[in-house]
Amino acid sequence: MGLIRRIKKKIATKLNEKTFSSYEEALKYCESKTRGAYQSENLSEYRFKKTNNFLINYGNLITAPSMPLLMFALNFYLKKDNLKTPKIIDFGGACGESLILLQKIFSDKIYKSSWVIESPQIVYESKKWEFAKDIQFSSDLKNIISNNKIDIFFTSGCIHYLKKPYEVINIIAKSNISLVVFTRNNFSSNTEIKAQISYLSENGIGPHLDEYEDKLVYYPITSILPKKIISIFVRNGYSILVDIKKETEQNISGVDGDLIFFKG
């Protein structure tokens, strides 16, 4: 990102440095800046078109920031389960990049056994794209868990955007999924609700698409308490396999954290 753009974003972040009393208040503010906020039609279309462009131009999905932890979890699973194709939920999995990468290992079987759980707008947009036609998209997490024996729950940079993050965390902890992966989370010792600001080009994988104006987009973000997540999973019989914290550059106080829980 160029110097002028970084300065512009920094100024916008400073001017919009607000802490909200509720998710609803933050969402109302963000929607006044970006129509639809995280469910913006323009943002959803942009992400799929950008991913499609990346794939057409032979982009390497292994370079995506969430892939190293996914591959670690997958190797751990395969060591225990004799190369069986896993049933995976990629919660907040955007355009299905993780499953497209795993298809090179498991063939199309991975599409039949796994799901991307996303917002209704992303699910709707997914039906328009050839590269996503075999991927199972859904917004109904409870239904997928209830009707399938899931092996790996994976989520990258998503939980902190939810209205009720601990509701989803509790559902997963009670599900008996053997391997649960949280990566690129916004962890903090205090819960704060703010507006995250990014350029449109910072969303999705691959180079920016010039036909889209590179506007600033806003959506609510909540800092998550890692101790609370750990307590929920330990209480439900899980062991901690990975616990990593590192400084974050997000415009909200906290650390970027990874957690993997295992129940065997």
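Lys49 and Glu211 form a salt bridge, with their closest N and O atoms 3.8 Å apart. The model is predicted. Lys49 sits in helix α3 (residues 41-56), while Glu211 sits in the loop between β6 (193-199) and β7 (216-222), so the pair ties together parts that are 162 residues apart in sequence. Side chains of opposite charge can pair when their charged atoms come close. The count of salt bridges comes to six.

**The Lys49–Glu211 pair**

- How exposed are the two partners, Lys49 and Glu211?
- Lys49 has a relative accessible area of 27%, so Lys49 is partly exposed.
- Glu211 has 57% relative accessibility, and exposed means over 50%, so Glu211 counts as exposed.

**The Glu24–Lys163 pair**

- Glu24 forms a salt bridge with Lys163. The closest N and O atoms are 3.0 Å apart.
- Which parts does this pair tie together? Glu24 belongs to helix α2 (residues 23-33), and Lys163 to the loop between β4 (152-156) and α9. The two parts are 139 residues apart in sequence.
- Glu24 counts as partly exposed because its relative accessibility is 44%.
- Lys163 is also partly exposed, at 46% relative accessibility.

**A network of salt bridges**

- Glu130 pairs with Lys133 in a salt bridge. Here the closest N and O atoms lie 3.9 Å apart.
- Which residues are joined into one network? Salt bridges that share partners link Glu130, Lys133 and Asp134.
- Glu130 is exposed, with 58% relative accessibility.
- Lys133 is exposed as well, with a relative accessible area of 52%.

**Two helices side by side**

- Helix α9 covers residues 165-173, and helix α10 covers residues 226-235. Their axes come within 9 Å.
- At what angle do the axes cross? The crossing is at roughly 25°.
- Angles under 35 degrees count as roughly parallel, so α9 and α10 are roughly parallel to each other.
- The crossing of α9 and α10 is right-handed.
- From α9, the contact is made by Tyr166, Ile169, Asn170, Ile172 and Ala173. From α10, it is made by Lys228, Ile229, Ile232, Phe233 and Arg235.
- What kinds of residue make up this contact? By class, the contact of α9 with α10 has seven nonpolar residues, one polar residue and two charged residues.

**Ser126, in a helix**

- Ser126 is part of helix α7 (residues 120-126).
- Is Ser126 buried or exposed? Buried means under 20% relative accessible area, and Ser126 has 5% relative accessibility, so Ser126 counts as buried.
- Not counting residues up to four places away in sequence, Ser126 touches Phe48, Ala132 and Phe137.

**Gly204, in a loop**

- Gly204 lies in the loop between β6 and β7.
- Gly204 counts as partly exposed because its relative accessibility is 27%.
- Which residues does Gly204 contact, leaving aside its neighbours within four places in sequence? Gly204 is in contact with Arg47 and Lys50.
- Gly204 and Gln103 are 101 residues apart along the chain. Their C-alpha atoms are separated by 19 Å.

Conventions:
Residues are numbered from 1 along each chain as its sequence is written. This is a predicted model: local features need pLDDT of at least 70, side-chain atom pairs count only at pLDDT 80 or more; totals for chains, interfaces and linings use all residues. Side-chain values use heavy atoms; hydrogens and water are left out. Axes are lines fitted to C-alpha atoms, for helices over the stretch in contact, and angles run from 0 to 180 degrees between N-to-C directions. Helices (H or I, at least four residues) and strands (E, at least two) are DSSP runs, numbered from the N terminus. Angles under 35 degrees count as roughly parallel, over 145 as roughly antiparallel, 65 to 115 as roughly perpendicular and the rest as oblique. A crossing is left-handed if the near helix is turned anticlockwise from the far one by less than a right angle, and right-handed if clockwise. Contact means heavy atoms within 4.5 Å. Ala, Val, Leu, Ile, Met, Phe, Trp, Tyr, Cys and Pro count as nonpolar, Asp, Glu, Lys and Arg as charged, and the others, Gly among them, as polar. A salt bridge is a side-chain nitrogen of Lys or Arg within 4 Å of a carboxyl oxygen of Asp or Glu. Buried means under 20% relative accessible area, exposed over 50%, partly exposed in between (1.4 Å probe, protein chains only).
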